[in-house]
Amino acid sequence: MPDTTPDSSSRRDVLRTTAVGVGAAAVGGWIWEAGATTAHASGTAGSHVRAETYAGAAAVHGPLDTVVFGDPESEQAHGLTAVLSDTVSGGLGQPARVLNQAEPVGYWGGAVKFTVACAPRGTTYVTVKLWGDDQAASENETWRLQLFCDGLQIGHQDQGAVDNLDILGIEPRTPGRFFFHTLPLPEKLTRGKKRVELEIRSMGRIWSYGQNQAQLYRAQTTPSRGLYRLYTHAEPYVIPPRGDVQGPPPVPGTRTDPVEEILGKIRVRVAKDQKNYLTTANPWTMDAWAFQSLAEGYLWEGSPAHRDPVAVDRVCQAIDGRYAAWLADPAVLTGSDQQRQGFGRVGLILALLWEDLGERLDERVTGLPWSIANSGFDTGGSTPTGWTVPGWAAGGTMTRDTSLARTGLASMKLAVTPGKLLVAHPGRKTAVDAGGTYEYGAWIRTEGVSGEGAYIDPLFFDANGKLVGTDTKVYAAKGTHDWEYVSVKLTTPAGATQIELHLRLAGEGTAWFDDVAFVPPADASKPVPTRREAYTKMLVESRDHWRRHFPHYSNQAQICAIGLYQANRGLRLLAPELAYEEKKARGYLYQSIGIEPWLGRESEDGTPDHALGTSHHQVSAKGLTKELGYVGNYGEVTDWLIMMYESVTRGYDGQDAPELRDHMLKIIKARGYFRTIDVDGDGNRIARIETVVGWRNEIYPGETAYASRTAWDTHPVMSAAVFRDPELVGWTQEMMADGQFTSQLALLHTHTWTRVGLAALRLLQRDWPEFQKLPARPGRLPTDWDEPDFTFTDEECGVVAVKHGKELLYASLYWRARQGVNDYARVHHVTPSVQRSATVRSYTEVPGSTETYTVNDWVCWDYAINDPGAMHIPPGGFPPPGPELRQSLAGDVYQLAPPPADVPDPALGVDRPGVEKLFVGRAPFYRCAYGPYVLAMNTTKDRTFRLDTSDIEGFGPSVDLVTGRRVGPGEVLMLKPLTTVVLRRL
């Protein structure tokens with residue numbers, strides 16, 4: 001496709017003109033001209049019948065049929081009927097149809113139905129033309145369009161190999177111009193026919209993590225994206241006819257980047273967080289991100305917590321609280337904070353604060369159900385954390401007095417209203433043993449106290465919260481006096497299981513309380529351990545649980561390995577005799593990022609189960625995380641890599657890890673081939689993650705990313721600041737030059753989650769100052785239009801990335817093949833002018849295959865879930881609301897690729913029909929043709945395959961972009977193991 005237009009109008013000019021209703025011809029919009037030049041004649045390919053058409057200059061393939069939505073003549077010619085639909089004048093003044101929401105709103109919205117021409121043999125493709133400026137107002141309005149043929153749903157509504165006709169994104173996909181998306185119709189629906197009936201239905205958002213139908217399917221509340229044109233064609237790459245308006249190629253601008261303004265907002269957020277963690281928040285209920293933030297703040301000069309011993313006390317109390325929560329509910333180890341990391345952050349924090357912990361580790365754990373938290377009132381703001389005044393005895397004020405304390409930092413001050421009663425007690429009751437004798441006490445200081453006076457009063461309750469027995473009041477002296485200890489020893493009455501210790505003042509005056517005592521008997525069934533004992537137990541249990549439950553999805557494996565290593569690092573400090581040697585601990589990290597094979601889950605004695613064999617690596621030799629094909633957003637694991645690296649290198653007794661650094665750099669740099677260059681919604685240059693060919697839970701277009709992206713745990717300068725690698729620094733400096741730094745930072749100053757706050761803190765604390773010190777580097781993303789051509793192929797992930805002049809081609813040949821080899825591929829073709837995405841038919845060879853999988857009649861997902869925690873989700877997901885739907889792909893039969901010889905069957909204990917499995921969907925050999933390209937890939941380690949160009953209809957002189965060799969018609973190429981041929985028509 002051409003990369004320039006005859007008209008140099010800026011995008012703003014185009015939009016301004018369109019806004020007043022002037023047509024595309026008047027604004028110089030670029031017009032498709034099929035066959036006008038060699039560049040236009042890049043036609044098509046791929047079919048399920050093992051004979052692809054390869055279109056070049058001599059063979060231009062136009063559509064079989066074209067529906068112009070909003071054009072009365074075209075709609076009438078195709079018998080179009082519409083429900084809940086309006087015609088509009090849309091992008092560049094072109095007619096379109098929107099599909100409206102229902103009244104009352106529901107998951108399904110409007111629909112259009114029509115008939116079109118199809119190919120009676122081979123595959124018929126459907127391409128929809130959509131306006132690239134359309135975007136959702138929020139994530140909750142990411143509506144979808146679903147295709148139907150003869151009443152049957154085409155593919156699946158979420159994450160299927162054949163997926164939605166469109167998913168609206170929260171950012172514009174191709175600003176200022178149209179784009180095209182293509183899906184194949186099942187051959188069984190078109191075989192022997194000349195026409196078929198198609199239907200497009202609009203629907204609401206799908207939240208893929210929904211745990212029931214209501215959570216999964218969200219109502220459509222506004223009109224859909226506009227439908228402009230639909231084409232049917234016999235090859236996957238279609239050239240629309242002359243006069244089909246595309247829109248001008250963008251002229252990229254540079255975003256104005258208000259760096260100091262946005263960093264100022266982040267500083268305000270971080271300062272607020274730090275003050276809250278230091279003074280106000282209940283430390284016993286802090287999550288791990290919060291107490292790590294406070295520990296980091298203790299080490300950072302910019303924090304109010306810097307070198308404040310109170311911060312260390314509160315961090316310990318927070319870990320105490322995590323220990324107490326775990327004793328009450330074992331699921332805290334597996335389900336809270338960052339799942340699969342377990343209590344790893346506790347080990348990391350011990351390493352960060354080790355030289356400042358002092359005697360705190362030998363103190364008793366606080367916050368247990370059988371202890372009184374904040375008994376010295378050292379924690380809190382204006383009032384002590386964890387203490388409360390009941391409404392029935394609120395005759396005065398309770399405050400935390402930092403100007404007066406017997407020990408520690410503060411005391412509790414009670415000032416009674418004359419003649420009234422004022423009571424303060426812990427917010428939760430304290431567990432006691434039946435028949436046990438406990439001592440209850442407090443130090444009390446008074447000023448001008450008269451009347452009943454200041455006293456303590458332990459009250460006993462049964463398990464249902466019913467009062468057992470009567471008050472036992474122990475008084476301090478009246479008047480004015482210094483600290484006096486009052487106490488009482490009481491045997492727990494029959495039926496009592498818990499006590500509530502009241503601190504009271506009645507009559508007149510003011511009293512201060514401090515150092516509340518709760519002393520259990522020596523033989524208490526639940527003794528309070530020291531922190532060293534408790535933390536050691538936490539870390540051992542965390543490490544041993546997660547080594548026995550080591551997951552195999554790449555990001556999950558990395559998180560788990562981080563937690564394993566961090567827990568062991570804490571044990572190295574607390575109890576060296578229980579810690580693994582460094583080589584073994586670091587081995588989990590190696591397994592998770594592909595330095596060593598992933599060996600699976602371990603038994604009690606440490607023997608791995610080799611669920612994926614003895615040679616499966618989590619990361620390919622080329623550096624991509626390895627799952628069921630190329631991973632888009634979920635493949636951006638820079639945050640986990642850096643957390644892993646710093647878990648080894650930071651803090652007390654940190655160690656060098658050059659082998660981790662080198663391997664991590666390879667992983668991060670491999671992602672550079674998967675950055676699409678475009679403009680943002682304001683017409684400014686931007687780099688985005690390639691997600692169109694990503695197999696798992698993708699959004700379109702992908703998030704902004706150069707070297708690093710912004711996510712819950714990361715920000716855009718992190719990898720450059722930590723690794724200081726010249727290429728990553730150059731990519732990050734390219735982001736700064738594009739003005740796309742602060743456009744990614746809104747999450748850090750608007751999202752209140754403590755996890756995001758920790759990422760905001762590290763940006764200010766370490767990464768931004770370090771990045772500013774780095775020298776200028778010339779490196780730029782390899783996908784920049786002015787950079788040299790490249791061909792990146794990864795046979796282990798079945799993916800190809802090609803830059804040829806001002807053209808990018810991404811292809812995932814191992815495409816969402818969860819249960820067997822499905823003969824589908826996904827492509828994304830990008831030029832500065834136009835973008836195409838398509839699911840296309842491919843040709844595969846699966847020698848030695850003896851088993852098959854038959855596609856189920858599911859319409860949401862094409863897979864079942866085997867996660868024990870999600871077994872309530874039925875195979876194929878919850879059915880969508882409304883009348884029952886049928887799946888057009890049901891009954892298709894896929895060959896199963898034989899797994900490696902060392903892999904047990906079934907892998908990972910899969911025992912539900914349709915559960916996705918590694919290996920079985922990855923074909924040994926792929927061939928796919930799209931436009932001017934033919935791709936052939938050998939994914940095996942020990943076989944050679946033939947590529948006979950005479951099998952490809954219309955094949956003409958081409959060049960192999962991998963080797964630079966010219967290839968003529970009729971030539972046979974031999975593909976050695978783990979090699980790929982990328983042919984492009986000359």
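Colleague: How do the residues lining the second largest cavity divide into nonpolar, polar and charged?

Modeller: Eight nonpolar, six polar and three charged. Ala, Val, Leu, Ile, Met, Phe, Trp, Tyr, Cys and Pro count as nonpolar, Asp, Glu, Lys and Arg as charged, and the others, Gly among them, as polar. Bear in mind that this is a predicted model, where local features need pLDDT of at least 70, side-chain atom pairs count only at pLDDT 80 or more, and totals for chains, interfaces and linings use all residues. Residues are numbered from 1 along each chain as its sequence is written, and side-chain values use heavy atoms, with hydrogens and water left out.

Colleague: What makes H156 and Y894 part of that lining?

Modeller: Lining residues have an atom within 4 Å of a cavity point, on a 1 Å grid over the protein atoms alone, where a 1.4 Å probe fits but cannot get out. Among the 17 lining residues, H156, Q819, V855, D862 and Y894 lie nearest the centre.

Colleague: And what is the volume of the largest cavity?

Modeller: About 250 Å³, taken as the space filled by probe spheres set on the points, which are joined across faces, edges and corners. Helix 18 gives the largest share of its lining, seven residues.

Terms used:
On a 1 Å grid over the protein atoms alone, a cavity is a set of points where a 1.4 Å probe fits but cannot get out, and a pocket is an open set with protein on both sides within 12 Å along at least five of seven lines; lining residues have an atom within 4 Å of a point. Helices (H or I, at least four residues) and strands (E, at least two) are DSSP runs, numbered from the N terminus.
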